[in-house]
Amino acid sequence: PSIIIMDNASSHSSLVEKVPNSFWKKPEIQNWLRERNLEFLNDALKVNLLEIVARNKPAKAYAANQMVLEHGHAVVRLPPYHYTFNPIGDFVKSIIISILERKVTAGKSV
């Protein structure tokens, strides 16, 4: 077994289950609630339905984490925007600086 350190890139952060939000249509929210046997009034406003969702939403489960766990490994997620623990930012920065330096040098030699 391995420990995989994962940042919060969008490709690593897709959820196993999507939870309704204000962009969902009212019938979609009602279906989500029905699938979980959660009671609500049929004539309830969308905002009231979303309150029920908020009280009953599952803990976030990331698809990438689930896949890693299924193969017997563990995941440690980096805190968002924590560059100290995420050296890939420094690596990309050094590549960009190198490219820019080459452009400047090429411009001066012409």
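**Gln 30 and its surroundings**

Modeller: Let's start with Gln 30, which is in contact with Phe 40, Asn 42 and Leu 49 once neighbours within four places in sequence are left aside. Contact here means heavy atoms within 4.5 Å. This is a predicted model, where local features need pLDDT of at least 70, side-chain atom pairs count only at pLDDT 80 or more, and totals for chains, interfaces and linings use all residues. Residues are numbered from 1 along each chain as its sequence is written, and side-chain values use heavy atoms, with hydrogens and water left out.

Biologist: Why is Gln 30 called buried?

Modeller: Buried means under 20% relative accessible area (exposed is over 50%, partly exposed in between, with a 1.4 Å probe and protein chains only). Gln 30 has 11% relative accessibility, so it counts as buried.

Biologist: And which helix is Gln 30 found in?

Modeller: Gln 30 sits in α1, residues 26-35. Helices are DSSP runs of H or I with at least four residues, strands are runs of E with at least two, and both are numbered from the N terminus. The buried residues in α1 are Ile 29, Gln 30, Trp 32 and Leu 33.

Biologist: How do you know that they are on the same side of α1?

Modeller: Take the directions from the helix axis to the C-beta atoms; the arc is theirs. These residues cover an arc of only 160° around the axis, which puts them on the same side of α1. What covers them includes α2.

Biologist: How is the packing of α1 and α2 described?

Modeller: Two packed helices are described by the angle between their axes and the distance between the axes. For α1 and α2 the angle is about 35° and the axes are 10 Å apart. Axes are lines fitted to C-alpha atoms, for helices over the stretch in contact, and angles run from 0 to 180 degrees between N-to-C directions.

Biologist: What makes a set of residues a nonpolar core?

Modeller: They must be buried Ala, Val, Leu, Ile, Met, Phe, Trp, Tyr or Cys residues, joined through side-chain atoms within 4.5 Å. The largest one has 10 residues, including Ile 29, Trp 32, Phe 40 and Ile 52. α1 and α2 (46-56) are the elements that give two or more residues to this core, and α2 gives the most, with 4 residues.

Biologist: What does Ile 52 touch?

Modeller: Leu 33, Glu 39 and Phe 40, not counting residues up to four places away in sequence.
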